[in-house]
Amino acid sequence: MSGPLVVLVGPMGVGKSTVGQLLAERLGVAYRDTDDDIVAEQGRTIAEIFANEGEAAFRAIEARAVARALAEHDGVLALGGGAVLGPRTRALLAGRPVVFLDVDAGEAVRRIGRDPGRPLLAGDPQRRWRALALARRPLYTEVARAVVDTSRCTPDGVAEAVLAALAP
């Protein structure tokens, strides 16, 4: 099966983008983030898509972006936090080198702050983050070959742990 060397999944604030870029540098490959793909294709932010079309429309756009990236990209790929919600996406991830980056709620909220670009966290970010992470955890673990906790690690340490987890 061709496709990405590494696919990173996990909740927002876990460090997928930071770690993904480090992994790509270390592996000498390109980095790609499906959230960036969506923004470039749609010409608007994810928050704007949520506000104007709703979450269901965003998830359909996201599913297409993930399928396209899995087919086209052979480097390091980071997926948006909710990408695993779709059964078709989870099926496409089966058998791939997927790593679930995990983090505790306090650390995630510290990293994210009150980012207005994260519409699912509006109001009470920590409570909403916990609810989302709890609901999605079984889906992250379903698709992942390995789990790496990023809570108390530097990005370099997380990148090393990912490489070790995927080593034969």
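This is a predicted model: local features need pLDDT of at least 70, side-chain atom pairs count only at pLDDT 80 or more; totals for chains, interfaces and linings use all residues.
User: Which residue does Asp-156 pair with?

Analyst: Asp-156 forms a salt bridge with Arg-26, with 2.8 Å between the closest N and O atoms. The pair joins distant parts of the chain, as Asp-156 lies in helix H8 (residues 155-166) and Arg-26 in helix H1 (residues 16-27), 130 residues apart.

User: What network does Arg-26 belong to?

Analyst: Salt bridges link Arg-26 in a network with Asp-156 and Glu-160.

User: And how accessible are Asp-156 and Arg-26?

Analyst: Asp-156 is partly exposed, at a relative accessible area of 40%, and Arg-26 is partly exposed as well, at 37%.

User: Switching to Glu-142, what does its side chain meet?

Analyst: The side chain of Glu-142 meets that of Arg-90 in a salt bridge, at 3.3 Å from N to O. This pair, too, links distant parts of the chain, with Glu-142 in helix H7 (residues 125-143) and Arg-90 in helix H5 (residues 87-93), 52 residues apart.

User: Is Arg-90 buried or exposed?

Analyst: Arg-90 counts as buried because its relative accessibility of 16% is under the 20% cut-off, whereas Glu-142, at 51%, counts as exposed.

User: What about Arg-32, which residue is its partner?

Analyst: Arg-32 forms a salt bridge with Asp-37, the closest N and O atoms being 2.7 Å apart, and Arg-32 is buried, with a relative accessible area of 17%.

How values were computed
Residues are numbered from 1 along each chain as its sequence is written. Side-chain values use heavy atoms; hydrogens and water are left out. A salt bridge is a side-chain nitrogen of Lys or Arg within 4 Å of a carboxyl oxygen of Asp or Glu. Helices (H or I, at least four residues) and strands (E, at least two) are DSSP runs, numbered from the N terminus. Buried means under 20% relative accessible area, exposed over 50%, partly exposed in between (1.4 Å probe, protein chains only).
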